[in-house]
Amino acid sequence: MALIELSGIERRFLLGDTTVNALSGLDLQVDAGQYVAVMGPSGSGKSTLLNLLGLLDRPNAGSYRLEGRDVTTLSPEEQAAVRSRRIGFVFQSFHLVPRLTAAENIALPMMLAGIAPTERKQRVAQALADFGLDKRADHKPDQLSGGQRQRVAIARATIMQPALILADEPTGNLDRHTGDEVVHLLEALNGNGVTLIVVTHDPALGARAGRQLVMEDGQLKHDSAHAPG
Amino acid sequence: MRPADTLRFARDAAAGYPVRTALSVLAMSIGVAAVVILTALGDGARRYVVGQFSSLGTNLVIVLPGRSGTGGFNPANTITSTPRDLTIDDAASLRRLPSVRRVAPLAVGTSEIAHGGKLREAMVAGSTAEFLPIRNFELAQGNALPDEDWNRGSSVAIIGAKLRQEIFGTDPAVGQLVRVGDRRLRVIGVLKPLGQGLGMNTDELVIVPVSLAQAMFNSNTLFRILVEANSREAIPAARTQSLELLKQRHRGEEDVTVITQDAVLATFDKLLGALTLGVAGIAAISLAVAGILVMNVMLVAVTQRTGEIGLLKALGASAETIRLAFLAEAAMLSGIGALLGYLLGQLGAFALRLAFPVFPAYPPSWAVIAGLSTALATGLLFGVMPARQAARLDPVLALMKH
C-alpha cells in the first residue's frame with residue numbers, strides 16, 4: 001500500500017500582484033519504506049512539497065492521503081496530532097531549542113504529546129545510547145559539534161517512532177565527513193522500515209537514494225521510478 | 001502536553017531570557033507593592049484617627065457651647081444673640097439623667113507652671129474627679145482630684161508624666177507645691193505617660209478642679225461637658241436627654257451642640273476609608289501599567305521565539321498547547337511579580353511602622369487580596385493576546401525565522 005498518495009496538488013502563493021504556482025498538477029505516490037531524494041533548483045517547489053507532506057502547509061487544490069487517510073480535510077488540531085505521531089522532521093540548521101539540553105530536546109516531541117515522564121526518560125536514554133550521545137545528554141546545543149547537533153535532531157525526529165521522516169538538506173550545514181555519518185544514520189533508519197524523504201542539492205547524496213525525483217517550476221520533471229529504461 | 005510539563009516549559013522559557021523576565025517581574029512587583037504600601041498608609045491613617053477618638057473614652061457624648069449649624073428661625077435668637085454660658089451647674093444637672101453614668105465638665109486654658117526656679121508653659125484642664133475614668137487616664141502616683149462640690153475648687157493639681165520629669169527630675173513630685181499662673185497648688189497625683197491624645201498632649205497636662213480653672217482664666221463658660229452614657233445602647237438617649245435638659249435650663253433656647261463619639265468616629269471612618277479606596281485606585285493604575293508591560297514583554301517573546309514556535313508546531317504541538325505555554329509564562333511572570341510585590345509592600349509597611357511607631361500602617365486584607373488578584377488577572381488578560389498570536393503563527397513562515 002502506498003504511504004503517500006498525492007493527486008492534482010496545486011499550491012499557489014501571492015507575491016504582490018502576481019500569483020506564483022509553487023506546485024501545479026502534482027501527482028505522486030510513495031510506498032512505505034521507500035528512500036526518496038527530491039532534487040531540483042531553488043524555487044522549483046521542493047520545500048513547498050516537503051511542507052505539504054509534513055502537514056505544515058495546505059494545498060489550494062488536490063488531495064493528500066497519508067496511510068490511506070485524506071489528511072487535507074483534517075482540522076489543524078488533528079493535523080498536529082498526525083505530525084506528532086507519524087512524521088519526523090530533520091532540518092538543515094538542526095532547529096534545536098538552545099535553552100534545553102540534548103536530552104530535553106530529544107524528549108520535546110514526547111512532552112508535547114503528553115507522554116508520561118518515566119516513559120520519556122526511558123526512551124530518551126535508549127535514543128541517546130543508539131545515537132552515541134550518552135556523554136552529551138546534559139549538554140546544551142551550543143556545547144555540541146554540528147554532527148552531534150544533527151544527531152540530536154535525528155534522535156528527536158525518531159523518538160515518536162514515525163512512519164515518515166522528512167529531511168530538508170540534512171547535511172547542508174555539515175562538513176563531508178560528519179555529513180556522511182548523518183546520511184548513514186538516516187539510511188540505517190530507512191533500513192528499519194521508516195520511509196525517508198530527503199530534499200537536497202547534493203547530487204552525490206541524491207544518487208544514494210532508491211528513488212530520485214527532480215522538480216522544476218512546481219512540477220515533477222523526472223521520477224526514476226517511472227523513468228524509461 | 002501535561003500541565004506540569006507546560007509549567008516547566010514556561011518556567012524554562014522565562015528563565016531563558018533573564019533580563020526580559022526580571023523587568024516584567026519588577027514592573028508587576030512595583031505595582032503590587034504600591035497597592036500594599038499606599039493602602040497601608042491610608043488604612044493606617046484611618047486606624048490612627050479612629051484609635052485617637054476611641055482613646056477619648058467609651059460611650060462618650062460631648063456637649064459644646066454654642067449652636068453649630070442653623071436650626072431654623074428661633075425667635076429667642078432675635079432677642080439674645082450671644083449664646084448662654086455652659087456652666088458648671090449645667091454639667092452637674094446632667095448627672096441626674098437616667099441614661100448617664102458619669103459627667104465631667106471641662107475648662108481649658110494655657111498657663112505657666114513653676115517650681116524651684118523652673119518654669120514652663122502648660123495646658124491646664126479644669127475638671128472633676130470623674131474626668132480621669134471618663135478619659136481612661138490612669139495615675140502613676142498619688143490620688144485623683146477630690147470628690148468635692150464642683151463649685152469649690154481645692155488648690156490641688158495632677159500633672160502629666162513629662163511635666164513631672166521636666167520640673168521635678170528625679171525628685172518626688174507628689175506633695176510638692178507648684179505655682180500655676182498666680183496660684184500655688186499642691187501636686188496630688190502624676191498621670192501615667194500616654195502620649196498624644198487628639199491635640200491634647202496628656203503628658204504635658206495640668207489637671208486642676210474645674211472652678212479653680214474658671215477662676216484662673218476668668219471665665220464662666222465651660223469648654224466641654226463630657227458625658228459618659230450607661231452603655232453603648234444608651235448613647236442616643238443620653239444625647240437627646242442632655243440636649244433636652246440643657247434647652248430647658250437655657251429657657252428653651254437650643255444653644256448647645258451635642259455630638260456623640262460614634263457619629264464623629266463613623267464620619268472619619270467613612271472619610272478615611274474612601275481615601276484609602278481612592279489611593280488603592282491610583283495604585284491599581286500602576287498594576288494596569290504593569291499588565292500592559294507584561295503584554296509587551298510577551299509580544300516581544302513571541303517575535304523572539306517565532307522559530308521555536310514553528311519548531312514546536314512541526315514537532316506536533318497543537319495551537320492549544322502553544323497558547324497554554326505562553327499563557328502559563330505570562331501568569332508566571334505576573335504571579336511571581338505579585339508575590340514579590342506583596343513581600344516588598346509588607347516590608348515597606350513594616351519600615352513605615354518602624355519609622356512612625358504611633359502610625360498603624362498595616363495593609364488591609366481586602367487590598368492585599370484585591371492587589372494580588374488584579375495582578376494575576378491583568379497578567380493573564382494581557383497574556384491572552386500574545387498567546388493567541390503565538391498559536392496562530394504559520395509554521396512554515398515561523399520555521400524560516402529560525
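Predicted model: local features only at pLDDT ≥ 70, side-chain atom pairs only at ≥ 80, totals over all residues.
**Chain A**

Begin by selecting chain A, which has 229 residues, 46% of them counting as buried. Its secondary structure consists of seven helices and ten strands. Of the contacts in chain A between residues at least 6 apart in sequence, 71% link residues at least 24 apart.

**Helices α3 and α4 of chain A**

Next, select residues 102–113 of chain A, helix α3, together with residues 117–130, helix α4. Their axes come within 10 Å and cross at roughly 130°. Because of that angle, α3(A) is oblique to α4(A). The crossing of these two helices, α3(A) and α4(A), is right-handed. To view the contact, display Ala103(A), Ile106(A), Ala107(A), Met110(A) and Met111(A) on α3(A), and Arg120(A), Arg123(A), Val124(A), Ala127(A) and Leu128(A) on α4(A). Eight of the residues in this contact are nonpolar, two are charged and none is polar.

**Helices α9 and α12 of chain B**

Now move to chain B and select residues 261–304, helix α9, and residues 365–392, helix α12. The two helices pack at an angle of about 25°, and their axes are 8 Å apart. The angle is under 35 degrees, so α9(B) is roughly parallel to α12(B). Here α9(B) passes α12(B) in a right-handed crossing. Residues of α9(B) to display include Ala284(B), Leu287(B), Gly291(B), Met295(B) and Leu299(B). On α12(B), the residues that meet α9(B) include Thr374(B), Thr378(B), Phe382(B), Pro386(B) and Gln389(B). The contact of α9(B) with α12(B) comprises 18 nonpolar and six polar residues, with no charged ones.

Key. Residues numbered from 1 in each chain as written. Chains lettered and ligands numbered in written order. Helix = DSSP H or I, 4+ residues; strand = E, 2+ residues; numbered from the N terminus. Buried ≥ 20, exposed ≤ 12 C-beta atoms within 10 Å, placed from the backbone. Contact = placed C-beta atoms within 7 Å. Axes fitted to C-alpha atoms, helices over the stretch in contact; angles between N-to-C directions. Parallel < 35°, antiparallel > 145°, perpendicular 65-115°, else oblique. Left-handed = near helix turned anticlockwise from the far one by under 90°. Nonpolar A, V, L, I, M, F, W, Y, C, P; charged D, E, K, R; others polar.
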